[in-house]
Amino acid sequence: MPERVFNFSAGPAVMPLPVLEEAQRDLVALPGVGSSVMELSHRGKPYMAIHADAKARLVSLLNIPDTHDVLFLQGGSRLQFSMIPINLLKGTGKTADYILTGSWGKKALEEAVKEGQTNVAWDGKPTNYNCLPKQADLKLTPDAAYVHMTSNETIQGVQFQAEPEVGNVPLVSDLSSDFMSRPVDVSKYGLIYACAQKNAGPAGVTVVIIRKDLMEQASSDLPGYLVYRNHAENDSMWNTPPTFGIYLLGLVCKWLQEDMGGLEKIQKQNEAKAKILYDVIDQSNGFYIGHALPEDRSMMNVTFKLGDEESEKRFLAEAGEVGLTQLGGHRSVGGVRASIYNAMPVEGVEKLRDFMLKFMK
């Protein structure tokens, strides 16, 4: 096998090596089946077993209560930005609250305003989204249709450590970039959505965890694919699902359960990995300048800058030469971004730390 680099891409991101190796072994012919997973009918027993196993493992890992359903959809977060207000806001006469903590929250709002009344409950733009709101900062609407938040902003590198208090209003959260990186109390949410390509698998699968009662209010005259209820009633097979992606998602869940020991243990590892890099930033006397305030930092996306653009270009070039790749910040903000999702091994983070110290000297 060709030597693998340490890939710090924000997504599609590094996947667990045992998952890739198992998929490689079974790619041409799944044992006992004689065909690749990519060739199986989504209505046949072999794939149906894969589908059910992936869903069951996800329910077990996140301790998803019976009040919620799990959907495997397509279209990424971009489609969810529209599906959420179409199903939960459109025609209700209510207002949807949006907490804007970075680029992805803003993009979600851009789609919601097309479907109904919205309210910006908080916007971090004045400080370039380097922090999160305190509870008292939120200007929430009484009896809102829902409150939308982005759990972790990949571009700015800020992450909620706890859910905001929203009373009886459904809390909707984009968990794409910290999905399955730590335990989550699903019962606190009306809807969770996450595109898989950060922590849960390849691009192409979007997981939606939705409270069952919230699916009942969508109008039946909406385009069929946009109605959550249709997908739930057909076990995510209202259309042909992304079968290979769901297979890989199931393998990632299996890896988290059997190799990593569950979400509590992976959270501790993720926190330790993040601390390794933040310690270098904090002890660099300003050589490395972190973007997020310390109390709001992400343990998934470590964002920072160097003193000037030339130094950053040299940093990225020399990092690539030693097998530390995809470290460039998002094109909208520049700088450096180390995405250290579940599958990034501690060894990779330690190698980046050593490079940062050497480069600084």
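At what angle do helix H3 (residues 76-88) and helix H4 (residues 103-112) pack, and how far apart are their axes? The legends below begin with this pair. The model is predicted, so local features need pLDDT of at least 70 and side-chain atom pairs count only at pLDDT 80 or more, while totals for chains, interfaces and linings use all residues. Residues are numbered from 1 along each chain as its sequence is written, and side-chain values use heavy atoms, with hydrogens and water left out.

**View 1. Packing of H3 and H4.** The two helices pack at an angle of about 45° with their axes 8 Å apart, where axes are lines fitted to C-alpha atoms, for helices over the stretch in contact, and angles run from 0 to 180 degrees between N-to-C directions. That makes H3 oblique to H4 (angles under 35 degrees count as roughly parallel, over 145 as roughly antiparallel, 65 to 115 as roughly perpendicular and the rest as oblique). Helices (H or I, at least four residues) and strands (E, at least two) are DSSP runs, numbered from the N terminus. Arg-78, Phe-81, Ser-82 and Pro-85 of H3 make the contact with Trp-104, Lys-107, Ala-108, Glu-111 and Ala-112 of H4, contact meaning heavy atoms within 4.5 Å.

**View 2. Crossing of H2 and H6.** The axes of helix H2 (residues 45-62) and helix H6 (residues 243-259) come within 9 Å and cross at roughly 40°, which makes H2 oblique to H6. Among the residues that meet are Tyr-47, Ile-50, Ala-54 and Leu-58 in H2 and Ile-246, Tyr-247, Leu-249 and Cys-253 in H6.

View 3. A search of the whole structure finds 17 salt bridges.

**View 4. Backbone geometry at Pro-12 and Asp-235.** Most residues other than glycine have a negative phi, and most peptide bonds are trans. A cis peptide bond, with omega about -5°, joins Gly-11 and Pro-12, and Pro-12 is placed in the loop between strand S1 (6-7) and helix H1 (17-26). Asp-235, although not a glycine, has a positive phi of about 50°, and this residue is found in the loop between helix H5 (228-233) and H6.

Notes. Salt bridge = Lys/Arg side-chain N within 4 Å of Asp/Glu carboxyl O.
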